Amino acid sequence: KGPRPLEGRTIIVTSGPTREPIDPVRYISNASSGRQGTAIAEALASHGAIVKFVTGPAEFAKPRGCEIFPVETAVEMEGAVIAALPADAAIFTAAVADWRIAAPSDAKLKKDVSGTAPELDFVANPDILATVSHLPAGERPALVIGFAAETGNLETHARNKLARKGCDWLLANDVSPGSGVFGGPDTRILFLDGTATDDWGPQSKTAVAEKLADRIAKHFAAGS
Ligand code: C5P
């Protein structure tokens, strides 16, 4: 049913939040629902791609027709992405925690009778998108696509991020409070490549996923 222009292409998609442990029962995470990543994975699969879906613990984490690799932490997510290579394209939709707790406790932290709150030391997590973007030719997927969630100065931040991360395309959206983008069904994407910026306008995350899958198919069909 319908053409499958991405037949034979392997595409990695990261999605959802990561979960960084404090102790065996507590963690730091974020409100990513996995909606956009799941929609992208399903759109790519319906275009015929072999989709390797690396997901943190999210409400939406079961795209149809994809190989699913569940992870918890950013370090695990990086390992799963590297293990899923080689790939023709990689799309980084996940909201990865920027920091993890340096030394999570093996035992549940106990309330101090004196009322003193614990102090947590953080270390930076690996930046998976930047790592994959900077892999040597031959290991690097031909097309590396990042996302950016910002709360203002969208285009400036997105243009800087595209350069800093070293990816080919960047899809930026404004997730300011009241926008409903985080967790909601709709978004508004500003699409950037090396030369142009394109406002895709307000639409559903499934429409964004279809548009992105079509664009990826055209990119590969053009042989660039
Ligand atoms: O720097 P920032 O988190 O805003 O960048 C967003 C983009 O980078 C997203 O595509 C996200 O999936 C990716 N990212 C990543 N690993 C990180 C942080 C972000 O892959 N540690």
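Contact is taken here to mean heavy atoms within 4.5 Å. The structure is a predicted model, in which local features need pLDDT of at least 70 and side-chain atom pairs count only at pLDDT 80 or more, while totals for chains, interfaces and linings use all residues. Residues are numbered from 1 along each chain as its sequence is written, and side-chain values use heavy atoms, with hydrogens and water left out.

Aspartate 23 touches Ser105, Ala107, Lys108 and Leu109, residues up to four places away in sequence not being counted. This aspartate is found in strand 2, residues 20–23, where strands (E, at least two residues) and helices (H or I, at least four) are DSSP runs numbered from the N terminus. With a relative accessible area of 3%, aspartate 23 is buried; the term buried applies under 20% relative accessible area, exposed over 50%, and partly exposed in between, for a 1.4 Å probe and protein chains only. The side chain of aspartate 23 reaches the backbone nitrogen of valine 25 at 2.9 Å, and a polar contact of 2.5 Å joins the side chains of aspartate 23 and arginine 26. A polar contact is a pair of N or O atoms within 3.5 Å, of which, within protein, one must be able to donate a hydrogen and the other to accept it, and residues adjacent in sequence count only if both atoms are side-chain atoms.

The side chains of aspartate 23 and arginine 26 also meet in a salt bridge, at 2.5 Å from N to O, a salt bridge being a side-chain nitrogen of Lys or Arg within 4 Å of a carboxyl oxygen of Asp or Glu. Arginine 26 is partly exposed, with a relative accessible area of 35%. A search of the whole structure finds 8 salt bridges. Among them is that of arginine 140 with aspartate 168, whose closest N and O atoms are 3.1 Å apart. Arginine 140 lies in the loop between helix 3 (128–133) and strand 9 (143–150), and aspartate 168 in the loop between helix 4 (154–165) and strand 10 (169–174), so that the pair ties together parts 28 residues apart in sequence. Aspartate 168 is partly exposed, at a relative accessible area of 27%. A further salt bridge brings together the side chains of aspartate 199 and arginine 188, at 2.5 Å from N to O; this pair links strand 12 (residues 197–204), which holds aspartate 199, with strand 11 (residues 186–192), which holds arginine 188.

An open sheet of 8 strands has the order 5-4-1-6-9-10-11-12, with mixed pairing, two strands being paired if DSSP finds at least two bridges between them. Strand 5 (67–70) and strand 12 stand at the edges with a single partner strand each, so one side of each is left without a neighbour in the sheet. The twist averages 20° from one strand to the next. Strand 4 (residues 50–55) and strand 5 run parallel and are joined by 4 bridges, and valine 54 stands opposite phenylalanine 69 in strand 5.

Helix 1 (residues 35–46) packs on the sheet, touching strand 1 (10–15), strand 4, strand 6 (89–92), strand 9 and strand 11, and its direction makes about 165° with that of strand 1. Axes are lines fitted to C-alpha atoms, for helices over the stretch in contact, and angles run from 0 to 180 degrees between N-to-C directions. Helix 4 lies across strand 9, strand 10, strand 11 and strand 12, running at about 150° to strand 10.
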